[in-house]
2 protein chains.
Amino acid sequence: MSDITRMAAVAALLGDPARARILTALLDGRALTAKELSFAAHVSPQTASGHLARLTGAALLAAEKQGRHRYFRLAAPLVGQMLESIMAVAGPEPPRTGTWRGGEALRTARTCYDHLAGRLGVALADSLQAAGHVALAADGGEVTDSGMIFLRDFGAEPPPGKRVYCRPCLDWSERRPHIAGRLGAALANRCLELGWIARQRDSRAVTITPGGESGFAGRFGIRLDR
Amino acid sequence: MSDITRMAAVAALLGDPARARILTALLDGRALTAKELSFAAHVSPQTASGHLARLTGAALLAAEKQGRHRYFRLAAPLVGQMLESIMAVAGPEPPRTGTWRGGEALRTARTCYDHLAGRLGVALADSLQAAGHVALAADGGEVTDSGMIFLRDFGAEPPPGKRVYCRPCLDWSERRPHIAGRLGAALANRCLELGWIARQRDSRAVTITPGGESGFAGRFGIRLDR
DNA sequence: CGGATGCTACGGCCGCCGCCGAAGCGTCCG
DNA sequence: CGGACGCTTCGGCGGCGGCCGTAGCATCCG
(Lines give C-alpha, C1' and ligand atoms only; values in the text may rest on other atoms or scores of the structure.)
Protein backbone atom coordinates (compact mmCIF):
# COMPACT_ATOMS: atom_id res chain seq x y z
CA MET A 1 0.00 0.00 0.00
CA SER A 2 1.51 3.25 -1.10
CA ASP A 3 1.68 6.58 0.65
CA ILE A 4 -1.06 7.94 -1.52
CA THR A 5 -3.40 5.03 -0.89
CA ARG A 6 -2.93 5.43 2.82
CA MET A 7 -3.60 9.14 2.60
CA ALA A 8 -6.75 8.52 0.60
CA ALA A 9 -7.90 5.96 3.16
CA VAL A 10 -7.49 8.43 6.00
CA ALA A 11 -9.19 11.18 4.02
CA ALA A 12 -12.07 8.85 3.19
CA LEU A 13 -12.57 8.28 6.91
CA LEU A 14 -12.80 12.03 7.44
CA GLY A 15 -15.08 12.36 4.45
CA ASP A 16 -18.17 10.93 6.07
CA PRO A 17 -20.23 13.59 7.86
CA ALA A 18 -20.96 11.38 10.85
CA ARG A 19 -17.28 10.60 11.36
CA ALA A 20 -16.36 14.22 10.81
CA ARG A 21 -18.79 15.22 13.55
CA ILE A 22 -17.30 12.62 15.87
CA LEU A 23 -13.79 13.88 15.32
CA THR A 24 -14.63 17.54 15.69
CA ALA A 25 -16.55 16.78 18.86
CA LEU A 26 -13.29 15.46 20.27
CA LEU A 27 -11.22 18.34 18.96
CA ASP A 28 -11.00 20.06 22.31
CA GLY A 29 -9.33 17.09 23.89
CA ARG A 30 -12.15 15.68 25.96
CA ALA A 31 -12.73 11.97 26.01
CA LEU A 32 -16.35 11.07 25.27
CA THR A 33 -18.29 7.82 25.45
CA ALA A 34 -19.59 5.99 22.44
CA LYS A 35 -23.13 7.05 23.21
CA GLU A 36 -22.27 10.69 23.56
CA LEU A 37 -20.47 10.52 20.25
CA SER A 38 -23.39 8.81 18.55
CA PHE A 39 -25.52 11.74 19.68
CA ALA A 40 -22.95 14.24 18.45
CA ALA A 41 -22.80 12.45 15.11
CA HIS A 42 -26.60 12.31 14.73
CA VAL A 43 -26.61 8.56 14.18
CA SER A 44 -27.69 5.53 16.15
CA PRO A 45 -25.34 3.93 18.66
CA GLN A 46 -24.84 0.92 16.38
CA THR A 47 -23.79 3.08 13.48
CA ALA A 48 -21.51 5.13 15.69
CA SER A 49 -19.95 1.96 17.03
CA GLY A 50 -18.99 0.95 13.54
CA HIS A 51 -17.51 4.35 12.83
CA LEU A 52 -15.58 4.34 16.08
CA ALA A 53 -14.16 0.93 15.33
CA ARG A 54 -12.88 2.13 11.98
CA LEU A 55 -11.45 5.34 13.41
CA THR A 56 -9.60 3.52 16.18
CA GLY A 57 -8.47 0.90 13.69
CA ALA A 58 -6.87 3.65 11.66
CA ALA A 59 -5.26 5.04 14.82
CA LEU A 60 -7.09 8.33 14.56
CA LEU A 61 -8.81 7.69 17.87
CA ALA A 62 -7.66 6.00 21.03
CA ALA A 63 -10.10 4.16 23.27
CA GLU A 64 -10.01 3.44 26.97
CA LYS A 65 -12.42 1.19 28.76
CA GLN A 66 -13.79 2.35 32.05
CA GLY A 67 -16.43 0.17 33.56
CA ARG A 68 -19.15 -0.34 31.03
CA HIS A 69 -18.19 2.81 29.19
CA ARG A 70 -15.61 3.27 26.50
CA TYR A 71 -14.02 6.67 26.30
CA PHE A 72 -12.67 7.86 22.97
CA ARG A 73 -10.21 10.67 22.39
CA LEU A 74 -8.00 11.84 19.54
CA ALA A 75 -5.04 9.51 19.30
CA ALA A 76 -2.47 12.25 18.79
CA PRO A 77 -2.15 16.02 18.52
CA LEU A 78 -1.26 15.48 14.87
CA VAL A 79 -4.82 14.35 14.27
CA GLY A 80 -6.17 17.61 15.61
CA GLN A 81 -3.74 19.58 13.49
CA MET A 82 -4.81 17.63 10.43
CA LEU A 83 -8.45 18.49 11.08
CA GLU A 84 -7.56 22.13 11.56
CA SER A 85 -5.65 22.20 8.29
CA ILE A 86 -8.60 20.77 6.41
CA MET A 87 -10.92 23.29 8.01
CA ALA A 88 -8.51 26.01 6.96
CA VAL A 89 -9.02 24.95 3.34
CA ALA A 90 -12.72 24.18 3.61
CA GLY A 91 -13.78 27.18 5.63
CA PRO A 92 -15.34 30.15 3.90
CA GLU A 93 -13.74 32.37 6.54
CA PRO A 94 -10.02 31.82 6.03
CA PRO A 95 -8.23 34.07 8.48
CA ARG A 96 -9.27 33.22 11.97
CA THR A 97 -6.65 34.52 14.32
CA GLY A 98 -4.01 31.92 14.91
CA THR A 99 -4.33 28.43 13.61
CA TRP A 100 -7.61 27.78 15.34
CA ARG A 101 -10.05 29.62 17.49
CA GLY A 102 -8.58 29.53 20.94
CA GLY A 103 -6.42 26.52 20.12
CA GLU A 104 -3.42 27.79 22.01
CA ALA A 105 -5.53 28.92 24.93
CA LEU A 106 -7.12 25.46 25.09
CA ARG A 107 -3.72 23.85 25.24
CA THR A 108 -2.65 26.10 28.09
CA ALA A 109 -5.58 25.52 30.41
CA ARG A 110 -9.07 24.17 29.90
CA THR A 111 -11.79 22.29 31.69
CA CYS A 112 -12.29 18.60 31.05
CA TYR A 113 -15.83 18.00 32.28
CA ASP A 114 -15.49 19.59 35.72
CA HIS A 115 -11.75 19.38 36.34
CA LEU A 116 -8.66 21.05 34.94
CA ALA A 117 -6.70 19.94 31.89
CA GLY A 118 -4.07 21.31 29.57
CA ARG A 119 -0.64 22.43 30.68
CA LEU A 120 -2.09 23.75 33.94
CA GLY A 121 -3.91 20.53 34.77
CA VAL A 122 -0.86 18.41 34.09
CA ALA A 123 1.39 20.73 36.08
CA LEU A 124 -1.00 20.50 39.02
CA ALA A 125 -0.88 16.72 38.92
CA ASP A 126 2.90 16.79 38.68
CA SER A 127 3.19 19.11 41.64
CA LEU A 128 0.93 17.05 43.89
CA GLN A 129 2.77 13.89 42.97
CA ALA A 130 6.20 15.43 43.50
CA ALA A 131 5.14 16.59 46.97
CA GLY A 132 3.97 13.09 47.82
CA HIS A 133 0.36 14.15 48.24
CA VAL A 134 -1.09 11.88 45.59
CA ALA A 135 0.12 8.80 43.75
CA LEU A 136 -1.27 8.16 40.29
CA ALA A 137 -1.15 4.74 38.67
CA ALA A 138 -2.41 3.61 35.29
CA ASP A 139 -5.79 2.51 36.58
CA GLY A 140 -6.39 4.79 39.53
CA GLY A 141 -4.92 7.14 42.06
CA GLU A 142 -4.53 7.44 45.82
CA VAL A 143 -4.19 10.35 48.19
CA THR A 144 -1.65 10.08 50.99
CA ASP A 145 -2.13 11.23 54.57
CA SER A 146 -0.09 14.34 53.90
CA GLY A 147 -2.27 14.87 50.87
CA MET A 148 -5.43 14.81 52.98
CA ILE A 149 -3.98 17.44 55.27
CA PHE A 150 -2.83 19.55 52.36
CA LEU A 151 -6.24 19.41 50.70
CA ARG A 152 -8.08 20.36 53.88
CA ASP A 153 -5.69 23.23 54.38
CA PHE A 154 -6.12 24.36 50.77
CA GLY A 155 -9.87 24.18 51.05
CA ALA A 156 -10.32 21.56 48.37
CA GLU A 157 -11.66 18.67 50.39
CA PRO A 158 -13.88 16.68 48.03
CA PRO A 159 -17.46 16.17 49.23
CA PRO A 160 -18.55 12.58 49.85
CA GLY A 161 -20.20 10.78 46.94
CA LYS A 162 -20.34 7.66 44.90
CA ARG A 163 -18.15 8.94 42.12
CA VAL A 164 -14.56 7.75 42.00
CA TYR A 165 -12.35 9.77 44.33
CA CYS A 166 -9.19 10.20 42.34
CA ARG A 167 -8.13 8.88 38.97
CA PRO A 168 -5.74 9.92 36.23
CA CYS A 169 -7.14 11.21 32.97
CA LEU A 170 -4.83 11.23 29.97
CA ASP A 171 -4.42 14.74 28.66
CA TRP A 172 -4.86 15.12 24.93
CA SER A 173 -2.55 18.02 24.26
CA GLU A 174 0.10 17.09 26.79
CA ARG A 175 0.00 13.31 26.44
CA ARG A 176 0.41 13.05 30.20
CA PRO A 177 -2.13 12.53 32.98
CA HIS A 178 -4.02 15.12 34.94
CA ILE A 179 -6.32 14.51 37.90
CA ALA A 180 -9.99 13.64 37.46
CA GLY A 181 -12.66 12.34 39.81
CA ARG A 182 -14.12 14.09 42.87
CA LEU A 183 -10.65 15.34 43.75
CA GLY A 184 -10.12 16.91 40.35
CA ALA A 185 -13.48 18.62 40.53
CA ALA A 186 -12.80 19.91 44.05
CA LEU A 187 -9.44 21.33 43.01
CA ALA A 188 -10.96 23.10 40.02
CA ASN A 189 -13.80 24.49 42.11
CA ARG A 190 -11.43 25.80 44.76
CA CYS A 191 -9.25 27.49 42.16
CA LEU A 192 -12.33 29.19 40.74
CA GLU A 193 -13.42 30.19 44.24
CA LEU A 194 -10.04 31.74 44.93
CA GLY A 195 -10.24 33.67 41.66
CA TRP A 196 -7.11 31.98 40.38
CA ILE A 197 -8.79 30.98 37.13
CA ALA A 198 -11.76 32.26 35.17
CA ARG A 199 -13.95 30.55 32.62
CA GLN A 200 -14.19 31.93 29.11
CA ARG A 201 -17.39 32.44 27.20
CA ASP A 202 -18.29 29.75 24.69
CA SER A 203 -15.13 27.79 25.26
CA ARG A 204 -13.65 25.25 27.60
CA ALA A 205 -10.52 27.34 27.84
CA VAL A 206 -9.85 28.97 31.20
CA THR A 207 -7.63 31.96 31.83
CA ILE A 208 -5.17 32.20 34.69
CA THR A 209 -5.69 35.46 36.56
CA PRO A 210 -2.82 37.53 38.00
CA GLY A 211 -3.83 36.21 41.39
CA GLY A 212 -3.68 32.73 39.98
CA GLU A 213 -0.18 33.27 38.63
CA SER A 214 1.16 33.98 42.09
CA GLY A 215 -1.12 31.48 43.78
CA PHE A 216 -0.10 28.54 41.60
CA ALA A 217 3.53 29.59 41.94
CA GLY A 218 3.40 29.94 45.72
CA ARG A 219 1.32 26.90 46.62
CA PHE A 220 2.31 24.49 43.89
CA GLY A 221 5.52 25.86 42.41
CA ILE A 222 3.84 26.12 39.03
CA ARG A 223 5.03 28.70 36.55
CA LEU A 224 3.68 28.29 33.04
CA ASP A 225 5.97 29.91 30.50
CA ARG A 226 3.85 31.94 28.21
CA MET B 1 -23.99 24.19 5.44
CA SER B 2 -21.94 23.99 8.57
CA ASP B 3 -18.21 24.03 9.04
CA ILE B 4 -18.17 20.33 9.65
CA THR B 5 -20.16 19.51 6.55
CA ARG B 6 -17.79 21.57 4.47
CA MET B 7 -14.81 19.86 6.00
CA ALA B 8 -16.30 16.46 5.33
CA ALA B 9 -16.98 17.45 1.74
CA VAL B 10 -13.36 18.44 1.20
CA ALA B 11 -12.11 15.30 2.91
CA ALA B 12 -14.40 13.18 0.79
CA LEU B 13 -12.82 14.70 -2.29
CA LEU B 14 -9.39 13.69 -1.01
CA GLY B 15 -10.69 10.27 -0.07
CA ASP B 16 -10.87 8.89 -3.57
CA PRO B 17 -7.60 7.27 -4.67
CA ALA B 18 -7.75 8.72 -8.17
CA ARG B 19 -8.26 12.24 -6.87
CA ALA B 20 -5.58 11.73 -4.24
CA ARG B 21 -3.14 10.74 -6.96
CA ILE B 22 -4.07 13.82 -8.97
CA LEU B 23 -3.44 16.11 -6.04
CA THR B 24 -0.16 14.55 -5.02
CA ALA B 25 1.03 14.68 -8.61
CA LEU B 26 0.59 18.44 -8.38
CA LEU B 27 2.19 18.70 -4.96
CA ASP B 28 5.49 19.96 -6.29
CA GLY B 29 3.86 22.96 -7.87
CA ARG B 30 3.89 21.99 -11.53
CA ALA B 31 0.84 22.62 -13.65
CA LEU B 32 -0.20 19.53 -15.60
CA THR B 33 -2.72 18.93 -18.35
CA ALA B 34 -5.89 16.93 -17.88
CA LYS B 35 -4.48 14.06 -19.88
CA GLU B 36 -1.27 13.89 -17.91
CA LEU B 37 -3.29 13.86 -14.73
CA SER B 38 -5.55 11.13 -16.01
CA PHE B 39 -2.42 9.06 -16.55
CA ALA B 40 -1.10 9.89 -13.11
CA ALA B 41 -4.44 8.95 -11.59
CA HIS B 42 -4.63 5.63 -13.50
CA VAL B 43 -8.04 6.43 -14.93
CA SER B 44 -9.45 7.30 -18.32
CA PRO B 45 -9.49 10.93 -19.49
CA GLN B 46 -13.27 11.09 -19.09
CA THR B 47 -13.10 9.98 -15.50
CA ALA B 48 -10.26 12.36 -14.76
CA SER B 49 -12.22 15.19 -16.32
CA GLY B 50 -15.02 14.59 -13.86
CA HIS B 51 -12.62 14.53 -10.93
CA LEU B 52 -10.91 17.69 -12.10
CA ALA B 53 -14.22 19.47 -12.42
CA ARG B 54 -15.10 18.59 -8.85
CA LEU B 55 -11.69 19.57 -7.51
CA THR B 56 -11.73 22.94 -9.24
CA GLY B 57 -15.33 23.43 -8.16
CA ALA B 58 -14.21 23.01 -4.58
CA ALA B 59 -11.37 25.47 -5.17
CA LEU B 60 -8.71 22.89 -4.45
CA LEU B 61 -7.34 23.22 -7.97
CA ALA B 62 -7.04 26.17 -10.28
CA ALA B 63 -7.24 25.73 -14.04
CA GLU B 64 -5.78 27.77 -16.82
CA LYS B 65 -6.59 27.31 -20.46
CA GLN B 66 -3.75 27.40 -22.91
CA GLY B 67 -4.64 26.59 -26.48
CA ARG B 68 -6.36 23.28 -26.55
CA HIS B 69 -4.85 22.25 -23.24
CA ARG B 70 -6.01 22.96 -19.74
CA TYR B 71 -3.35 23.20 -17.09
CA PHE B 72 -4.24 22.39 -13.51
CA ARG B 73 -2.33 23.34 -10.40
CA LEU B 74 -2.99 23.48 -6.69
CA ALA B 75 -5.16 26.50 -5.98
CA ALA B 76 -3.24 27.60 -2.90
CA PRO B 77 -0.28 26.65 -0.73
CA LEU B 78 -2.79 25.83 2.00
CA VAL B 79 -3.95 22.91 -0.11
CA GLY B 80 -0.45 21.48 -0.22
CA GLN B 81 -0.07 21.94 3.51
CA MET B 82 -3.34 20.16 4.08
CA LEU B 83 -2.15 17.20 2.03
CA GLU B 84 1.12 17.11 3.93
CA SER B 85 -0.69 17.14 7.25
CA ILE B 86 -2.84 14.20 6.22
CA MET B 87 0.22 12.32 5.04
CA ALA B 88 1.82 13.04 8.38
CA VAL B 89 -1.04 11.20 10.08
CA ALA B 90 -1.40 8.48 7.48
CA GLY B 91 2.26 7.71 7.01
CA PRO B 92 3.74 4.64 8.66
CA GLU B 93 6.98 6.53 9.19
CA PRO B 94 5.99 9.35 11.52
CA PRO B 95 9.08 11.43 12.09
CA ARG B 96 10.43 12.50 8.77
CA THR B 97 12.69 15.46 9.26
CA GLY B 98 10.76 18.63 8.81
CA THR B 99 7.20 18.64 7.70
CA TRP B 100 7.80 16.79 4.48
CA ARG B 101 10.59 15.09 2.65
CA GLY B 102 12.55 17.85 1.02
CA GLY B 103 9.63 20.25 1.28
CA GLU B 104 11.83 23.16 2.22
CA ALA B 105 14.40 22.28 -0.42
CA LEU B 106 11.64 22.16 -3.02
CA ARG B 107 10.46 25.59 -2.03
CA THR B 108 13.96 27.00 -2.35
CA ALA B 109 14.75 25.75 -5.84
CA ARG B 110 13.31 23.03 -8.04
CA THR B 111 12.75 22.15 -11.64
CA CYS B 112 9.35 22.62 -13.25
CA TYR B 113 9.54 20.43 -16.33
CA ASP B 114 12.82 21.73 -17.73
CA HIS B 115 13.04 25.18 -16.20
CA LEU B 116 13.63 26.60 -12.74
CA ALA B 117 10.99 27.25 -10.11
CA GLY B 118 10.83 27.98 -6.41
CA ARG B 119 12.43 30.98 -4.77
CA LEU B 120 15.34 30.79 -7.19
CA GLY B 121 13.16 30.67 -10.28
CA VAL B 122 11.06 33.59 -9.14
CA ALA B 123 14.12 35.62 -8.18
CA LEU B 124 15.59 34.99 -11.63
CA ALA B 125 12.43 36.26 -13.28
CA ASP B 126 12.39 39.28 -11.01
CA SER B 127 15.99 40.10 -11.81
CA LEU B 128 15.55 39.86 -15.57
CA GLN B 129 12.44 42.00 -15.41
CA ALA B 130 14.05 44.62 -13.17
CA ALA B 131 16.97 44.89 -15.61
CA GLY B 132 14.56 45.43 -18.48
CA HIS B 133 15.62 42.25 -20.25
CA VAL B 134 12.23 40.58 -20.28
CA ALA B 135 8.68 41.78 -19.80
CA LEU B 136 6.15 39.29 -18.47
CA ALA B 137 2.43 39.77 -18.91
CA ALA B 138 -0.44 37.58 -17.81
CA ASP B 139 -0.67 35.70 -21.08
CA GLY B 140 2.89 35.74 -22.35
CA GLY B 141 6.27 37.35 -22.19
CA GLU B 142 8.67 39.24 -24.42
CA VAL B 143 12.41 39.63 -24.50
CA THR B 144 13.81 43.09 -25.17
CA ASP B 145 16.79 43.92 -27.35
CA SER B 146 19.00 44.32 -24.33
CA GLY B 147 17.69 40.98 -23.16
CA MET B 148 18.80 39.29 -26.39
CA ILE B 149 22.29 40.69 -25.93
CA PHE B 150 22.37 39.66 -22.30
CA LEU B 151 21.28 36.12 -23.09
CA ARG B 152 23.86 35.67 -25.85
CA ASP B 153 26.50 37.02 -23.52
CA PHE B 154 25.38 34.67 -20.75
CA GLY B 155 25.36 31.71 -23.08
CA ALA B 156 21.66 30.99 -22.70
CA GLU B 157 20.42 31.68 -26.19
CA PRO B 158 17.42 29.42 -26.73
CA PRO B 159 17.63 27.11 -29.74
CA PRO B 160 15.01 27.62 -32.45
CA GLY B 161 11.88 25.54 -32.20
CA LYS B 162 8.12 25.55 -32.35
CA ARG B 163 7.62 25.73 -28.65
CA VAL B 164 6.62 29.06 -27.16
CA TYR B 165 9.64 31.28 -26.60
CA CYS B 166 8.90 32.90 -23.27
CA ARG B 167 5.92 32.72 -21.01
CA PRO B 168 5.24 33.17 -17.31
CA CYS B 169 4.44 30.16 -15.21
CA LEU B 170 2.76 30.75 -11.86
CA ASP B 171 4.90 29.39 -9.07
CA TRP B 172 3.07 27.26 -6.56
CA SER B 173 5.09 27.98 -3.44
CA GLU B 174 5.80 31.61 -4.19
CA ARG B 175 2.51 32.56 -5.84
CA ARG B 176 4.47 34.67 -8.31
CA PRO B 177 5.58 33.94 -11.86
CA HIS B 178 8.81 32.39 -13.03
CA ILE B 179 9.96 31.98 -16.62
CA ALA B 180 8.96 28.98 -18.72
CA GLY B 181 9.20 28.20 -22.43
CA ARG B 182 12.34 27.76 -24.50
CA LEU B 183 13.91 30.66 -22.64
CA GLY B 184 13.28 29.09 -19.24
CA ALA B 185 14.77 25.83 -20.41
CA ALA B 186 17.83 27.53 -21.86
CA LEU B 187 18.45 29.43 -18.63
CA ALA B 188 18.18 26.28 -16.56
CA ASN B 189 20.48 24.37 -18.92
CA ARG B 190 23.09 27.11 -18.82
CA CYS B 191 23.01 27.23 -15.02
CA LEU B 192 23.57 23.48 -14.94
CA GLU B 193 26.38 23.80 -17.50
CA LEU B 194 28.08 26.42 -15.38
CA GLY B 195 27.80 24.21 -12.33
CA TRP B 196 25.71 26.78 -10.52
CA ILE B 197 23.03 24.27 -9.67
CA ALA B 198 22.91 20.50 -9.33
CA ARG B 199 20.03 18.09 -9.58
CA GLN B 200 19.15 15.89 -6.62
CA ARG B 201 18.41 12.22 -6.83
CA ASP B 202 14.76 11.22 -6.83
CA SER B 203 13.54 14.75 -6.41
CA ARG B 204 12.81 17.83 -8.42
CA ALA B 205 14.70 19.89 -5.90
CA VAL B 206 17.97 21.40 -7.07
CA THR B 207 20.82 22.58 -4.88
CA ILE B 208 22.68 25.82 -5.40
CA THR B 209 26.41 25.17 -5.45
CA PRO B 210 28.97 27.54 -3.90
CA GLY B 211 29.81 28.63 -7.43
CA GLY B 212 26.14 29.25 -8.01
CA GLU B 213 25.86 31.40 -4.91
CA SER B 214 28.45 33.83 -6.22
CA GLY B 215 27.32 33.46 -9.81
CA PHE B 216 23.67 34.29 -9.14
CA ALA B 217 24.76 37.16 -6.90
CA GLY B 218 27.21 38.59 -9.43
CA ARG B 219 25.19 38.25 -12.63
CA PHE B 220 21.67 38.62 -11.32
CA GLY B 221 22.00 40.24 -7.91
CA ILE B 222 20.26 37.24 -6.35
CA ARG B 223 20.99 36.30 -2.75
CA LEU B 224 18.64 33.74 -1.28
CA ASP B 225 18.58 33.95 2.49
CA ARG B 226 18.90 30.50 3.79
C1' DC C 1 -30.23 -12.64 40.85
C1' DG C 2 -32.98 -9.89 37.45
C1' DG C 3 -33.46 -5.75 35.08
C1' DA C 4 -31.33 -1.74 33.10
C1' DT C 5 -27.65 0.16 30.56
C1' DG C 6 -23.61 0.56 27.34
C1' DC C 7 -21.48 -1.36 23.60
C1' DT C 8 -20.82 -4.48 19.67
C1' DA C 9 -21.81 -8.07 15.81
C1' DC C 10 -24.75 -9.43 12.00
C1' DG C 11 -27.86 -8.95 8.08
C1' DG C 12 -30.32 -6.62 4.66
C1' DC C 13 -31.74 -2.48 2.28
C1' DC C 14 -30.71 1.40 -0.52
C1' DG C 15 -28.50 5.26 -2.37
C1' DC C 16 -24.30 7.32 -3.88
C1' DC C 17 -20.43 7.45 -6.72
C1' DG C 18 -16.54 5.85 -9.48
C1' DC C 19 -15.83 3.83 -13.84
C1' DC C 20 -15.84 3.59 -18.88
C1' DG C 21 -17.89 3.82 -23.89
C1' DA C 22 -19.92 6.82 -27.06
C1' DA C 23 -20.59 11.21 -28.69
C1' DG C 24 -20.15 16.39 -29.02
C1' DC C 25 -17.42 20.74 -29.03
C1' DG C 26 -13.29 23.58 -29.48
C1' DT C 27 -8.42 24.04 -31.09
C1' DC C 28 -4.36 23.26 -33.83
C1' DC C 29 -2.09 22.14 -38.22
C1' DG C 30 -1.07 20.58 -42.85
C1' DC D 1 -11.11 22.61 -45.15
C1' DG D 2 -10.53 18.00 -43.14
C1' DG D 3 -8.35 15.25 -39.89
C1' DA D 4 -6.06 14.78 -35.44
C1' DC D 5 -6.06 15.91 -30.82
C1' DG D 6 -7.63 17.50 -26.12
C1' DC D 7 -11.31 17.99 -23.21
C1' DT D 8 -16.02 17.52 -21.67
C1' DT D 9 -20.90 15.65 -21.23
C1' DC D 10 -24.12 11.94 -21.06
C1' DG D 11 -25.81 7.41 -19.99
C1' DG D 12 -25.70 3.00 -17.87
C1' DC D 13 -23.45 -0.42 -15.06
C1' DG D 14 -21.63 -2.20 -10.81
C1' DG D 15 -19.90 -2.11 -6.22
C1' DC D 16 -18.84 -0.04 -1.99
C1' DG D 17 -20.52 1.66 2.21
C1' DG D 18 -23.72 4.09 5.41
C1' DC D 19 -27.85 3.20 7.82
C1' DC D 20 -30.82 0.84 11.12
C1' DG D 21 -33.33 -3.37 13.48
C1' DT D 22 -32.40 -7.30 15.87
C1' DA D 23 -29.77 -9.81 18.87
C1' DG D 24 -25.88 -10.97 21.89
C1' DC D 25 -22.24 -9.94 25.55
C1' DA D 26 -20.38 -7.29 29.50
C1' DT D 27 -21.14 -4.28 33.42
C1' DC D 28 -23.52 -1.90 37.10
C1' DC D 29 -27.13 -1.65 40.64
C1' DG D 30 -31.05 -2.53 43.64
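User: How many cavities of 30 Å³ or more does a search of the whole structure find?
Analyst: This is a predicted model, where local features need pLDDT of at least 70, side-chain atom pairs count only at pLDDT 80 or more, and totals for chains, interfaces and linings use all residues. Residues are numbered from 1 along each chain as written, chains are lettered from A in the order written, and side-chain values use heavy atoms without hydrogens or water. A cavity is a set of points, on a 1 Å grid over the protein atoms alone, where a 1.4 Å probe fits but cannot get out. Over the whole structure, the number of cavities of 30 Å³ or more is two.

User: What is the volume of the second largest cavity?
Analyst: Grid points are joined across faces, edges and corners, and a volume is the space filled by probe spheres set on the points. The largest cavity holds about 60 Å³. For the second largest cavity, the value is about 50 Å³.

User: Which elements of chain A each supply at least two residues of the lining of the largest cavity?
Analyst: Lining residues have an atom within 4 Å of a point; here they include A:H115, A:L124 and A:L187. Helices (H or I, at least four residues) and strands (E, at least two) are DSSP runs, numbered from the N terminus. The elements are strand 5 (115–117), helix 7 (118–130) and helix 9 (181–193).

User: Which element gives the most to the lining of the second largest cavity?
Analyst: Among the residues that line this cavity are B:G121, B:H178 and B:I179. Strand 5, helix 7, strand 9 and helix 9 of chain B give two or more residues each. With three residues, the top contributor is helix 7 of chain B.

Note on methods
On a 1 Å grid over the protein atoms alone, a cavity is a set of points where a 1.4 Å probe fits but cannot get out, and a pocket is an open set with protein on both sides within 12 Å along at least five of seven lines; lining residues have an atom within 4 Å of a point.
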